[in-house]
Amino acid sequence: MASKTAPPEKFIVEIIKPSHYDDEGYVIQWRRAFIPSNSLACLYALVQDCQERRVLGDGVEIEAHAHDECHAVVPTRRIIRRVRANGGRGLVMLAGVQSNQFARAIDLAAEFRAAGVPVAVGGFHVSGCLAMLPEPPAEICTLQEMGVTLFAGEAEGRMAGFLADAFHGRLKPIYDYLDDLPDLAGQPTPYLPPDIARRSLYFAPVDAGRGCPFKCSFCTIINVQGRKSRCRDAEDLERAIRTQAAQGIRRFFITDDNLARNRNWEAIFDRLIALRDEGVAIKFMMQIDTMAHKLPGFVDKAARAGCTRVFIGLESVNPENLADCGKAQNKVGQYREMLMAWRARHVLTHAGYILGFPADTPQSIERDIRLIQRELPIDIMEFFVWTPLPGSADHKALYESGAWLEPDLNKFDTEHVTLRHPRMDGRTWQDLYDRAWRLYYSPEHVRTLLRRGHVIGAGMKHLVAAIAGYYGSFLAEGLHPLQCGLFRRRVRWTRRPGLARENPLWFYPRRVWQTAVAFARLAWYALKVELIRRQIARDPRAKEYTDAAIAPVGAGEDAGSDLDGRVALRRAV
Ligand code: B12
Ligand code: SF4
């Protein structure tokens with residue numbers, strides 16, 4: 001207990017969101033990140049709330065620092081010095097660690113543990129493995145042997161007790177709250193200090209709810225966050241957005257995996273509409289399912305609330321694949337109607353597509369992408385290699401069957417092949433990932449996308465930026481755009497253990513060259529897309545453009561069942 005005259009005692013909490021290693025073993029990081037981490041924002045807000053409530057006692061100050069390795073080099077030595085200077089009273093929290101980030105998290109944890117700093121790790125890898133596997137896998141045991149605390153489940157409602165344990169030096173080896181998911185109403189909303197938001201191009205993440213009712217077998221979310229919708233109060237969310245808007249942040253990513261299945265969607269949209277009516281011009285992106293447009297008023301209110309882009313888990317246009325992964329809610333025959341509904345409200349559609357389902361072959365994938373180009377008015381496509389992510393039913397089944405799975409978790413980033421495919425070898429599958437991007441973003445199709453966009457006459461700059469930013473990042477950096485930011489950093493001494501530290505005389509000139517080439521590629525690509533836009537804008541007949549994808553949806557086009565749906569898609573050619 002501190003006396004009245006003594007300075008307050010301090011407890012230091014360092015919250016770190018790890019990144020992962022690239023194929024050459026360097027940590028993937030940027031000067032500016034595109035999308036900041038919501039996991040980091042949630043944990044930072046929870047720790048701040050504990051500080052405001054003085055949960056460690058009146059005389060104890062909690063000093064929290066947030067680090068996002070995607071856009072900042074984690075100052076490991078400074079952190080160790082800070083904790084030591086505070087008499088060892090501190091904790092490193094490795095936050096929201098995904099499977100692909102686990103190897104990096106282990107390396108960071110090792111450095112802190114070697115210096116005697118307490119470390120705790122949470123996030124989807126720990127939660128997913130503990131939720132689904134019969135025993136903890138080797139990498140989790142490695143952390144336990146290092147004396148690292150594991151946290152499974154969600155931290156809302158638990159942070160005060162957890163920090164008290166850390167402060168009093170009685171952290172348990174494991175905290176498992178997977179069977180007791182918290183109600184999110186009234187909980188602190190995600191928040192990051194403005195300097196972190198600045199490094200993320202003034203974009204802020206916020207989750208309005210967790211959980212999804214569907215049952216896709218490749219999905220980890222339902223096994224970690226559950227299938228019941230647990231949502232924040234609309235007023236809490238509004239307050240969070242107002243606070244950030246007052247700091248100059250006007251663009252948000254609502255990170256719910258499926259905002260359409262959040263029970264509060266309408267109340268949330270109504271509040272955002274009112275906010276915009278007041279002149280607070282916020283904009284946001286969200287993730288939804290393929291049937292969201294059927295909810296009365298959903299598309300209209302989303303657009304009025306400031307939604308500029310929707311991420312849609314299309315996954316496949318092959319009904320066999322959709323049936324195989326249990327994604328029964330995706331009706332291929334209704335995709336066009338759905339996309340046209342968003343298009344009518346000038347909301348950009350951004351579809352995720354998975355490559356390498358068991359029924360896929362190189363020929364079928366190529367055919368399906370061409371079909372999409374011809375018949376579906378999707379603006380942006382992003383591709384993923386089918387990956388059994390730890391926490392999913394698919395991973396559990398493969399793990400238990402003893403099938404070969406890539407031993408390096410760093411590769412579970414949905415860009416690398418991590419298992420054997422029944423119909424193609426690993427090299428062919430990996431090459432297909434690259435080929436799919438190039439095929440979809442062929443110069444002819446980019447022109448078509450812009451022509452389709454021009455017809456509705458809105459959001460062309462947004463579309464150009466989306467195409468250039470997305471495909472341009474892939475071209476320039478060879479990484480999935482979800483991992484990308486602006487101006488890649490490579491720090492010579494953060495190379496993966498086991499790989500040699502490169503000679504500075506070779507490393508630095510090469511970095512200058514690589515940076516210049518990447519920047520030139522991105523800028524050149526953006527210029528090319530912009531020039532196409534201008535060409536189209538100058539064409540007096542461009543507004544008359546039409547094709548099978550943007551033709552009005554016919555009455556009989558929705559043939560109902562998946563299989564008929566596919567036939568309907570073909571008929572429209
Ligand atoms: C928003 C999001 C992103 C954003 C931002 C990342 C972020 N983490 O915010 C972007 C778009 C950049 C992104 C990218 C990727 N993502 Co992502 N993403 C999400 C998403 C939709 C929401 C994340 C989130 O905010 N969750 C809510 C937070 C609060 O939950 P949480 O992280 O589990 O944290 C809670 C608890 O775990 C706990 N906790 C966490 N850490 C710690 C630490 C301590 C010490 C304690 C006490 C507690 C604690 O407390 C937190 C609060 O309750 C999730 C799905 C989901 N529903 O979570 C996928 C998800 C995390 N992503 C995933 C993947 C695979 C990726 C990508 C590789 C590409 C891809 N296919 O999507 C890239 C990786 C690049 C990167 N740099 O992250 C997977 C990870 C699966 C796995 N087994 O690893 C998920 C689960 C989705 C999925 N496909 O299954 N993603
Ligand atoms: S719709 Fe999306 S979040 Fe829901 S179960 Fe399927 S993959 Fe998971």
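Predicted model: local features only at pLDDT ≥ 70, side-chain atom pairs only at ≥ 80, totals over all residues.
Residues are numbered from 1 along each chain as its sequence is written, and chains are lettered from A and ligands numbered from 1 in the order in which they are written.

**View 1. The buried face of helix 6.** Helix 6 spans residues 159-167, and its buried residues (20 or more other C-beta atoms within 10 Å of their own, placed from the backbone) are M159, F162, L163, A166 and F167. Looking down the helix axis, these residues fall within an arc of 135°, so they line one face of the helix. Their packing partners are strand 1 (9-17), helix 1 (38-52), strand 3 (60-68), strand 4 (90-94) and strand 7 (174-176). Just after helix 6 comes G169, with a positive phi of about 65°.

**View 2. Where helix 1 meets helix 6.** The two helices pack at an angle of about 75°, with axes 10 Å apart. They are therefore roughly perpendicular to each other (65 to 115 degrees). Helix 1 brings L46, V47 and C50 to the contact, and helix 6 brings M159, A160 and L163 (C-beta atoms, placed from the backbone, within 7 Å).

Notes:
Buried ≥ 20, exposed ≤ 12 C-beta atoms within 10 Å, placed from the backbone. Helix = DSSP H or I, 4+ residues; strand = E, 2+ residues; numbered from the N terminus. Arc of directions from axis to C-beta. Contact = placed C-beta atoms within 7 Å. Axes fitted to C-alpha atoms, helices over the stretch in contact; angles between N-to-C directions. Parallel < 35°, antiparallel > 145°, perpendicular 65-115°, else oblique.
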